[in-house]
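This briefing goes through the protein shown below, starting from one residue pair and widening to the whole chain. Please keep the structure open while reading.

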Amino acid sequence: EVNQGPTVTQFGLDPGYIERRVAGGGVQLQRVRVGRIARLADDLSLALAAAPIRIEAPVPGRSVVGLEVPNEQISLVSLRGVMESSAFERIDSRLALALGEDVSGHAVAVDLGLMPHLLIAGATGSGKSVCMNAVICCLLVNNTPDDLQMLMVDPKMVELVGYNDIPHLVAPVVVSVDQVVGALAWVSRQMDERYKIFHEMKVRNLEEYNRRARRLKNKDPLPALVIFIDELADLMMLSPDEVERHICRVAQMGRATGIHLVIATQRPSVDVVTGLIKANFPARISFAVTSQTDSRVILDQGGAESLLGRGDMLFMSPQKASPVRLQGCFVSDREIGRLTDFWRGQGHDEEQGELFPPWMGFDDEDSADDYLEQARQLIEKQDRVSASFIQRQLRVGYPRAARLIDQLESAGLVGPDEGGGRGREVLIGKGIDFDEIDERLPGVEPR
């Protein structure tokens with residue numbers, strides 16, 4: 001059989017039989033092994049004079065081996081075409097996403113609420129940002145600001161800033177990496193507050209709460225909250241422990257509260273896409289990568305290194321056993337501009353102009369004071385301490401650990417830095433006036 005898609009043409013091969021002589025002069029038919037066909041990928045690519053081909057052996061749920069040969073010209077898959085397909089209309093959810101078309105040319109759509117989070121990875125220029133824009137546009141088309149709120153983090157400052165001033169945003173697009181930890185801590189706090197509300201209402205998830213709130217008419221329904229992070233590698237370089245802790249906590253517990261994560265990265269290495277993050281992101285999209293090692297980090301198997309780029313991707317769904325090859329949807333900057341202009345003109349301009357990040361000062365005041373009290377209790381049993389010691393014990397990033405050491409030094413609890421990696425001397429119990437120290441430590445209860 002032959003299935004022609006927008007990017008590749010898939011040929012269905014039925015393995016034949018070979019005759020094998022057995023003892024006694026008889027002939028036994030033996031089926032050609034799938035492994036022998038899979039090893040012929042390079043030879044078939046040479047014979048067909050084609051770009052690197054991909055062999056899917058076997059096609060899931062069928063007794064054929066799929067041979068995917070790239071087309072000479074890649075067909076454009078429009079976002080509107082997939083959103084108007086029957087596959088998209090069958091999804092009864094406001095969080096339906098149009099991903100693209102498979103190797104047979106059939107539209108593929110998924111429900112973000114069932115994923116419940118999405119990890120996107122791939123090399124530079126392979127189509128990650130276009131895919132994220134398509135996801136955002138699907139949500140904007142199907143949801144009002146009362147149904148959906150968004151939080152966007154864009155360290156590159158070029159991809160998501162065009163969505164500023166739309167009424168769906170809880171705050172302007174975060175472009176400063178210094179605010180990311182505070183923003184993620186705010187999301188974690190929102191999740192905890194929603195769980196407290198659910199406990200009081202004796203409901204299990206956001207859908208049940210909103211259904212009951214509409215029936216009682218004395219409570220306002222809660223919107224879903226989707227967090228978009230365009231470049232995870234920049235955040236993991238700044239403060240890996242805190243970013244990973246907040247992301248994993250929200251990913252583990254956020255589904256019932258209607259909080260979902262969509263994270264993209266162009267550096268799929270083990271220090272960025274850690275094992276703990278992968279465990280909480282069963283739905284993943286891999287665009288073209290440079291090596292099989294990167295493919296195994298994202299998908300736990302090879303195959304992404306032979307993709308063609310420009311939207312060619314492998315989608316791993318938690319409902320399916322193996323990744324599916326798709327050609328992603330394309331949405332132009334003009335289309336995005338028309339969609340955002342529509343929402344900006346819906347009478348929310350005055351409210352949006354006064355929008356202020358709700359986490360401003362939250363991370364520096366509340367959490368810092370808690371860590372400062374913990375640090376003071378921690379060093380009481382030590383003779384010498386260092387920033388790396390505080391970092392390991394409190395599981396915080398090195399910048400915060402260094403700030404805690406400086407605050408402890410200004411309060412007179414530790415001595416100055418002696419250099420050479422010797423750490424700092426702990427001055428507790430050496431003629432220190434604790435009443436004076438308590439006055440120097442901001443936000444810490446006196447003894």
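R54 has E68 in β6 as its bridge partner. This is a predicted model, in which local features need pLDDT of at least 70, side-chain atom pairs count only at pLDDT 80 or more, and totals for chains, interfaces and linings use all residues. Residues are numbered from 1 along each chain as its sequence is written, and side-chain values use heavy atoms, with hydrogens and water left out.

**The open sheet**

- Strand β6 (residues 65-70) and β5 run antiparallel and are joined by 3 bridges; two strands count as paired if DSSP finds at least two bridges between them.
- Both belong to an open sheet of 4 strands with antiparallel pairing, in the order β1-β2-β6-β5.
- The edges are held by β1 (2-4) and β5 (54-56), each of which has a single partner strand, so one side of each lacks a neighbour in the sheet.
- On average, neighbouring strands of this sheet are turned by 20 degrees against each other, direction ignored; the axes behind such angles are lines fitted to C-alpha atoms, for helices over the stretch in contact, and angles run from 0 to 180 degrees between N-to-C directions.

**The β3-β4 hairpin**

- β3 pairs with strand β4 (residues 27-31) in the antiparallel sense over 5 bridges, and the bridge partner of Y17 in β4 is R31.
- The two strands form a hairpin with 5 residues between them, and G24 in the turn has a positive phi of about 95 degrees.

**Nonpolar cores**

- The largest nonpolar core has 58 residues, and those with the most contacts inside it are L79, I136, M150, M152, Y163, F228 and I285.
- Such a core is a set of buried Ala, Val, Leu, Ile, Met, Phe, Trp, Tyr and Cys residues joined through side-chain atoms within 4.5 Å.
- Beyond its neighbours within four places in sequence, L79 is in contact (heavy atoms within 4.5 Å) with A98, A134, C137, C138, C329, F330 and V331.
- Another core, of 34 residues, lies apart from the largest one and includes I229, I247, I259 and I277.

**N210**

- Is N210 buried or exposed? With 9% relative accessibility, N210 counts as buried.
- N210 lies in helix α7 (residues 206-216), and it is in contact with P221 and L222, leaving aside its neighbours within four places in sequence.

**Whole protein**

- The secondary structure comes to 17 helices and 17 strands; these are DSSP runs numbered from the N terminus, helices being H or I of at least four residues and strands E of at least two.
- Of the 447 residues, 50% count as buried.
- The C-alpha atoms fill a box of roughly 100 × 60 × 40 Å, taken along the principal axes.
- Among contacts between residues at least 6 apart in sequence, 61% join residues at least 24 apart.

**Confidence**

- The protein averages a pLDDT of 85, and 90% of the residues score at least 70; pLDDT is the predictor's confidence in each residue, from 0 to 100.
- Over residues 349-354 pLDDT stays under 50, and the model has 5 contacts for them beyond four places in sequence.
- Residues 363-367 also have pLDDT below 50, with 8 contacts in the model beyond near neighbours in sequence.

Methods:
Buried < 20%, exposed > 50% of the residue type's maximum accessible area, 1.4 Å probe, protein only.
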